[in-house]
Amino acid sequence: MFRNQYDTDVTTWSPAGRLFQVEYAMEAVKQGSAAIGLRSRSHVVLACVNKANNELSSHQKKIFKVDDHIGVAIAGLTADGRVLSRYMRSECINYSFTYEAPLPVGRLVVQLADKAQVCTQRSWKRPYGVGLLVAGLDESGAHLYYNCPSGNYFEYQAFAIGSRSQAAKTYLERKFETFVDSSRDDLVKHALIAIRETLQGETLKSSICTIAVVGVGEAFHILDQETVQQMINAFEIVAEDEPPAADPGTSAGEGGATAEGGAPAEEGAAPMEI
Amino acid sequence: MTKEHANWSPYDNNGGSCVAIAGADYCVVAADTRMSTGYNVLTRDYSKICKLADKAVLASSGFQADIKALQKHLAARHLIYQHQHNKQMSCPAVAQLLSNTLYYKRFFPYYAFNVLSGLDSEGKGCVFTYDAVGSYERVGYSAQGSGSTLIMPFLDNQLKSPSPLLLPAQDAVTPLSESEAIDLVKTVFASATERDIYTGDRLEVVVLNADGIRREYMELRKD
């Protein structure tokens with residue numbers, strides 16, 4: 001993407017009908033470290049890579065609990081993500097104060113998308129530079145949504161965002177048909193393998209990744225490091241080899257282009273059209 | 001020259017009594033379960049006790065609609081606190097929050113007479129007693145509600161040692177054991193039920209200690 005005379009203002013259209021500031025915001029998401037989400041009928045798992053800038057600092061917090069039944073993983077400008085998480089928490093608290101019931105995930109995601117859209121149509125604002133994977137459970141089941149800086153959102157069976165997410169997406173596309181009936185532990189295992197795909201050879205250990213789970217009878221919570229390390233060891237995911245033969249339900253069919261909403265943009269088409 | 005008075009009041013008193021006693025490593029909270037209006041009983045099965053945090057339990061007597069709204073408000077604030085601090089609120093923190101929340105409505109108060117109790121950061125029992133607009137004090141024991149005038153003098157007699165005439169008042173965290181405190185509370189309510197028409201039906205006792213929270217019930221006179 002190159003600089004041009006139509007990209008200064010978010011409220012300036014290009015002659016090709018694109019809003020470059022919004023597209024640049026989506027670039028910021030692609031630069032962030034990877035975040036992955038996948039769901040079964042009853043559980044949703046979020047996983048992300050935690051890279052500290054240097055050995056002395058702590059790593060960025062990328063997974064936030066929004067309510068007992070909703071959590072979010074972010075990629076991109078984490079400060080924007082923190083602010084949006086605070087908004088989401090506030091919305092959940094207000095909804096359950098009024099209705100004494102948990103906020104349905106689909107509603108929250110729409111409110112978030114509308115909030116993002118406002119920033120694409122005001123000259124004194126800028127789009128949020130963060131992509132959100134919203135994982136939640138409500139009466140209609142387990143859900144995983146991706147919220148884009150453009151104000152678009154989609155529901156996914158599995159998705160990955162951030163840098164080197166294509167490697168994870170390829171793995172998820174191969175396996176996603178088995179997720180619907182996967183057990184909770186298998187879902188976490190798939191998430192760990194997908195994370196490993198984004199690491200490109202680096203050893204997978206619990207100090208560089210964070211896993212969070214929400215499911216039927218299980219409130220949203222982040223797994224502690226020991227549990228994650230045990231699961232990594234148990235599934236022997238450390239090396240770059242194929243997952244062990246104990247992997248149930250390995251689909252013989254190709255995932256390929258049937259991945260929900262995962263089609264890559266053709267050259268020149270605005271990404272928001274997907 | 002007589003002032004015109006409103007023919008409608010936003011408040012009502014649903015009656016009932018609340019008591020709390022702080023021990024060295026436990027806390028006992030008790031309230032009756034009768035909800036009334038005027039001379040009528042609305043229900044014999046309404047809890048006046050609400051857990052706000054792991055170590056903070058609120059018992060409130062007065063206008064239950066205001067109390068419900070107050071409890072919901074505090075619960076929402078507690079959620080925000082947990083999101084921001086990654087831990088539960090301590091009892092003294094809840095005490096200050098409750099005081100601020102009550103004073104916020106200084107000119108249209110919550111008609112709620114509260115006793116907040118729990119374990120402080122050192123694990124010792126603590127009881128905070130309030131008026132309707134948030135004035136509060138940490139004490140060793142307290143009673144609020146319609147039976148408080150009957151209960152409080154008896155608690156003073158049993159728990160305030162040595163003599164109530166001596167100054168300064170000594171720290172009244174009771175030397176009683178947990179089971180002795182529970183027995184005292186049951187006795188106190190049995191007596192209050194005899195003379196206070198708004199107290200009765202059933203007694204709910206909640207005990208907080210290092211092992212967690214536990215609840216007991218005892219039948220009271222229903223007349």
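1. Contact, in this note, means heavy atoms within 4.5 Å. The model under review is predicted. Helix α4 spans residues 165-175 of chain A, and its buried positions are Ser165(A), Ala168(A), Lys169(A), Tyr171(A), Leu172(A), Glu173(A) and Lys175(A).

2. The overall make-up of chain A is as follows. Its secondary structure comprises six helices and 10 strands. Chain A has 274 residues, of which 49% count as buried. Among the contacts in chain A with a separation of 6 or more, 64% are between residues 24 or more positions apart.

3. Chain A contains an open sheet of five strands in the order β8-β1-β2-β9-β10, with antiparallel pairing. At its edges stand β8 (158-161) and β10 (218-222) of chain A, each of which pairs on one side only. From one strand to the next, the twist averages 10°. Strand β9 (residues 209-215) of chain A runs antiparallel to β10(A), and three bridges join the two. Within this pair, Gly215(A) stands opposite Glu218(A) of β10(A).

4. Chain B also has an open sheet, formed by five strands in the order β10-β1-β2-β11-β12 with antiparallel pairing. The edge strands β10 (141-145) and β12 (212-219) of chain B each have a single partner strand, so one side of each lacks a neighbour in the sheet. The twist here averages 15° from one strand to the next.

5. Strand β1 (residues 17-22) of chain B pairs with β10(B) in the antiparallel sense over five bridges, and Ala20(B) stands opposite Ser142(B) of β10(B). Further along the sheet order, β11(B) and β12(B) run antiparallel and are joined by eight bridges. These two strands, β11(B) and β12(B), form a hairpin with two residues between them. Arg202(B) stands opposite Glu219(B) of β12(B).

6. Helices of chain B accompany this sheet. Helix α3 (residues 148-159) of chain B lies across β1 and β10 of chain B and runs at about 170° to β10(B). Helix α4 (residues 178-195) of chain B packs on the sheet, where it touches β1, β2 (26-32), β11 (202-209) and β12 of chain B. The direction of α4(B) makes about 20° with that of β2(B).

7. How many residues of chain A are in contact with chain B? Six residues of chain A are in contact with six residues of chain B. Interface size is often expressed as the accessible area lost when the parts come together. Chain A and chain B bury about 680 Å² between them, with 63% of this area on carbon and sulfur atoms. On the chain A side, Arg89(A), Ile93(A) and Phe97(A) supply 68% of the area buried against chain B, more than any other three residues.

8. The count of salt bridges between chain A and chain B is one. In it, Lys72(B) is paired with Glu100(A), with the closest N and O atoms 2.9 Å apart. Over all chains, the whole structure holds 26 salt bridges. Lys72(B) belongs to helix α1 (residues 64-85) of chain B, while Glu100(A) is in the loop between α2 (78-99) and α3 (105-118) of chain A, so this pair joins two chains. Lys72(B) is partly exposed at 22% relative accessibility, whereas Glu100(A) is exposed at 59%.

9. Other salt bridges lie within a chain. Glu197(A) forms one with Arg196(A), the closest N and O atoms being 3.1 Å apart. Glu197(A) is partly exposed, at 25% relative accessible area, whereas Arg196(A) is buried, at 5%. In chain B, Asp54(B) forms a salt bridge with Lys51(B), with 3.4 Å between the closest N and O atoms. Asp54(B) is partly exposed, with a relative accessible area of 42%. Salt bridges with shared partners also join Glu178(B), Lys186(B), Arg214(B) and Glu216(B) into one network.

10. Cys48(A) is in no disulfide, and the nearest cysteine sulfur to its own belongs to Cys209(A). The sulfur of Cys209(A) is 8.1 Å from that of Cys48(A), the closest cysteine sulfur, and this is too far for a bond, because a disulfide requires the sulfur atoms to be within 2.5 Å. Cys48(A) is buried at 0% relative accessibility, and Cys209(A) is buried at 5%.

How values were computed
Residues numbered from 1 in each chain as written. Chains lettered and ligands numbered in written order. Predicted model: local features only at pLDDT ≥ 70, side-chain atom pairs only at ≥ 80, totals over all residues. Heavy atoms only, no water. Buried < 20%, exposed > 50% of the residue type's maximum accessible area, 1.4 Å probe, protein only. Pairing = 2+ DSSP bridges. Helix = DSSP H or I, 4+ residues; strand = E, 2+ residues; numbered from the N terminus. Axes fitted to C-alpha atoms, helices over the stretch in contact; angles between N-to-C directions. Buried area = accessible area lost by both parts, 1.4 Å probe. Salt bridge = Lys/Arg side-chain N within 4 Å of Asp/Glu carboxyl O.
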